[in-house]
Amino acid sequence: MNIVLIGVGGIGFRHFQSLMNLEHDKINLFLIDVNAEALNKAKEFEKSKHNKFINIVCYENINHLKEAIDIAIIATSSLVRKKIFEQLISTVSIKYVIFEKFLFPQICDYDEVNQIIEKNGIKAYVNCPCRMYPGYIELKKRINPNDRLDVLLYGSNWGLACNVIHTIDVMGFLLDTYDELTVDTSLLDEEIIESKRNGYVEFTGKLICEIGEKVRILFDSEKTGESDYCLTLFCKNSIITISEMNQTMKISQNGSTQVYEFPIFYQSQLTDKIVLEIIKEGKCGLTKYKDTVQWHKTLLEAFSLKYSIKDSSKTGYCPIT
């Protein structure tokens, strides 16, 4: 089994930590990062958590790869992700690929990447992992997929552009839908702010999204303050409030409120489970690329119109990651 992880800093390191929990015959794990410090950090972690099933090979360039790859995880930032994928495909064959989100910053990238995926017969997924959290899996059993959901996600400067796709994806999971997404950016703040990640931007204010006729979501990201990130679902007969940070869920119904545990997986606890699903079943619980593309593109189109006010030289583009 040959696995390659491209990008070992940030979220990539969390993927690596989780992969080090794999126990499945003999695994060659190729780590690729242009940053030697990121690779050294991974090597140090490998020494402290030696796994007899895994052989680690580190490269600073994709071109050093020679072996056919079973599973590729591309955990780079979005600006270079398409180029990295194209370089990988031109170097070796791959069977499965997992992309980090937000997928790409340019609308034309989506169809071009899809053409590569289809031409090479690759099974592609996007890492919107909430649908694999035990809490959401249990919540799905409580929700009638035929009911309408009104949803509020509220907090202070929580990375709206980068993270709304997670909530859209998990609402689609709860109601078994990939219906068309509509986006209203009219209530976003005028000022476009710099992201915590260099070279990227973020938005604050309110964003309204609808998934078909089943889901309406109000995203509210305050520019200032210290309000916790909180998700509230208004169902037909109940109000459900979820705190992923505290791993709790409150259900208010018929005049009473019950509090339940809401277990989640951190990325450092999840990637090994995803890979084992692929190995054993030939598929995993993440969203397929072909299913989430329409949602990503609709969001990007809306954000790019807002971003064009700041940079009118570019159309169909917004640097979010």
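Student: Why is Glu210 called partly exposed?

Tutor: Buried means under 20% relative accessible area, exposed means over 50%, and partly exposed is what falls in between, with a 1.4 Å probe and protein chains only. Glu210 has a relative accessible area of 26%, so it is partly exposed. Arg216, with 35%, is partly exposed as well. Keep in mind that this is a predicted model, where local features need pLDDT of at least 70 and side-chain atom pairs count only at pLDDT 80 or more, while totals for chains, interfaces and linings use all residues. Residues are numbered from 1 along each chain as its sequence is written, and side-chain values use heavy atoms, with hydrogens and water left out.

Student: What makes Glu210 and Arg216 a salt bridge?

Tutor: The term asks for a side-chain nitrogen of Lys or Arg within 4 Å of a carboxyl oxygen of Asp or Glu. The closest N and O atoms of Glu210 and Arg216 are 3.7 Å apart, so the pair meets the cut-off of 4 Å. Elsewhere, salt bridges with shared partners join Lys82, Glu86 and Glu112 into one network. The whole structure has 14 salt bridges.

Student: How do you know that Glu191 and Lys223 link distant parts of the chain?

Tutor: Their closest N and O atoms are 2.9 Å apart, in a salt bridge. Glu191 sits in the loop between β8 and β9 (193-194), and Lys223 in the loop between β12 and β13 (230-234), 32 residues apart. Glu191, at 45% relative accessibility, counts as partly exposed, and so does Lys223 at 35%.

Student: What does the salt bridge of Arg131 and Asp169 tie together?

Tutor: The N to O distance in this salt bridge is 2.8 Å. Arg131 belongs to the loop between β6 (123-126) and α5 (134-142), and Asp169 to helix α6 (residues 160-174), so the pair ties together parts 38 residues apart in sequence. Both Arg131 and Asp169 are buried.

Student: Why is α1 described as largely enclosed?

Tutor: Helices are DSSP runs of H or I with at least four residues, strands are runs of E with at least two, and both are numbered from the N terminus. In α1, 7 of the 9 residues are buried, so the rest of the structure largely encloses this helix. Among the buried ones are Phe13 and Phe16. Their cover includes β1 (2-6), β2 (27-32), α2 (36-48) and α7.

Student: What describes the packing of α1 against α7?

Tutor: The axes of α1 (residues 11-19) and α7 (residues 271-281) come within 7 Å and cross at roughly 65°. Axes are lines fitted to C-alpha atoms, for helices over the stretch in contact, and angles run from 0 to 180 degrees between N-to-C directions. Contact means heavy atoms within 4.5 Å. His15, Ser18 and Leu19 of α1 make the contact with Thr271, Asp272 and Val275 of α7.

Student: Why are β8 and β16 called edge strands?

Tutor: Two strands pair if DSSP finds at least two bridges between them. The open sheet of 8 strands runs β8-β11-β12-β7-β13-β14-β15-β16, with mixed pairing. β8 (181-184) and β16 (256-261) each pair on one side only, as edge strands.
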